[in-house]
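Thanks, everyone, for making time this morning.

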Amino acid sequence: MSSGAGTVVCVTGATGYIASCLINFLLLRRYTVRATVRDPNNLKKVQHLLKLDGANERLQLYKADLLLEGSFDSVIHGCHGVFHTASPVPASNVQDPQAELIDPALKGTLNVLKSCAKSPSVKRVVLTSSMCAVLYNGRPHSPEVVVDETWFSDTEFCRELKYFYSISKTLAEDAAWKFAKENDIDMVSINPTMVEGPFLQSELNTSVYRILSLVNGAQTFPNASSGWVNVKDVAEAHIKAYEIPSASGRYCLVERVAHYAEIVKILRDLYPTIQLPDKCADDKPYMPIYQVSKEKAKSLGIEFTPLEVTLKETVECLKEKNFISF
């Protein structure tokens, strides 16, 4: 794949957590980046991108609408690679899952891919999917279970559990694979788990907020287990998935699966003086952990950042940006 100086790529959803880190890394590698946002004139949303090294010379912001077919045509035309990261993340009170999550994820992905199909310059598309499109299919999660890239979430199972974000990511990824195959698009998907680490944007994203709540006076921690991964590893995986010719299929990105009890313990070891929750939110047995295969991710050359380092980077960034003070 064409890479580095002189190579033009597109990143959708540019103000997002993963996308911002990805754009930073692309600029450092001397790519020219066309970044799509809802409103290029909203300085509060885009100023962190404009401040990046190389942004003056090699970052161009474009307005694009996920739900408007053809909105990405002119941006993608002439690009060698497309990183489609744009997808809505659920707020705490989703009123209309179809309109708020599913339609933008599904229709937006297809609209971006339709624009890619029109542009002969595009050599590869890297889709930001999620472990939410992998994990939830009724198969048991337990310490001896190893989840890998062959797993797909089942939308009916997710609907029963009201996992609407999982539905949106599963439907979008499934539709993307079908469209890519039918239109001979070289596509790779990146499926990260809960993403933490330093953030560039001014507004907190959902995953970092979960760590903020723990160190900011929460009385209890959730009875939940999750995979965890560093945002820098996720951005690096996107670039390697584009640059390495043999990259193909899906890549699960999980450094470790840990219960929130372990997250609290790590934070307590890192910051002994801060108040952290001592008890779980309920009295039920702890949700079990499981394993996620790292074989494919390591084939990209990804060396995962340890969870302890990731959590420290997250908290230090929260302090630096004045979300917490201790």
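This is a predicted model: local features need pLDDT of at least 70, side-chain atom pairs count only at pLDDT 80 or more; totals for chains, interfaces and linings use all residues.

Tyr-271 belongs to the loop between helix H10 and strand E13, whereas Phe-326 sits in the segment after helix H12, so the pair ties together parts that are 55 residues apart in sequence. Are these two partners buried or exposed? Tyr-271 is buried, at 8% relative accessible area, while Phe-326, at 40%, is partly exposed.

There is also an aromatic cluster, formed by Tyr-31, Phe-83 and Tyr-242, and Phe-83 leads us to the sheet, where this residue stands opposite Val-126 in E5. Strand E4, residues 81-84, and strand E5, residues 124-128, run parallel and are joined by 4 bridges. The sheet as a whole is open, with 7 strands in the order E3-E2-E1-E4-E5-E7-E11 and parallel pairing. Its edges are E3, residues 59-63, and E11, residues 249-253, each of which pairs on one side only, and the twist from one strand to the next averages 20°.

Helix H1, residues 17-28, packs on this sheet, touching E1, E2, E3, E4, E5 and E7, with its direction at about 165° to that of E1. Helix H5, residues 97-118, lies across E1, E4, E5 and E7 and runs at about 175° to E4.

Two rings also carry a charge above them: the charged end of Arg-250 sits over the ring of Phe-152, 3.6 Å from its centre, and that of Lys-296 sits over the ring of Tyr-251, 4.1 Å from its centre.

Finally, the backbone. Which residues other than glycine have a positive phi? Arg-30 has one, of about 70°, in the loop between H1 and E2, and this residue is partly exposed at 48% relative accessibility. Lys-162 also has a positive phi, near 60°, and is placed in the loop between helix H6 and helix H7; with a relative accessible area of 59%, Lys-162 is exposed.

How values were computed
Residues are numbered from 1 along each chain as its sequence is written. Side-chain values use heavy atoms; hydrogens and water are left out. Two strands pair if DSSP finds at least two bridges between them. Helices (H or I, at least four residues) and strands (E, at least two) are DSSP runs, numbered from the N terminus. Axes are lines fitted to C-alpha atoms, for helices over the stretch in contact, and angles run from 0 to 180 degrees between N-to-C directions. Contact means heavy atoms within 4.5 Å. Buried means under 20% relative accessible area, exposed over 50%, partly exposed in between (1.4 Å probe, protein chains only). Rings of Phe, Tyr and Trp (its six-membered ring) pair if their centres lie within 6.5 Å; planes under 30 degrees apart count as stacked, over 60 as edge-to-face and the rest as tilted. A charge sits over a ring if NZ of Lys or CZ of Arg is within 6 Å of the ring centre and within 35 degrees of the ring normal.
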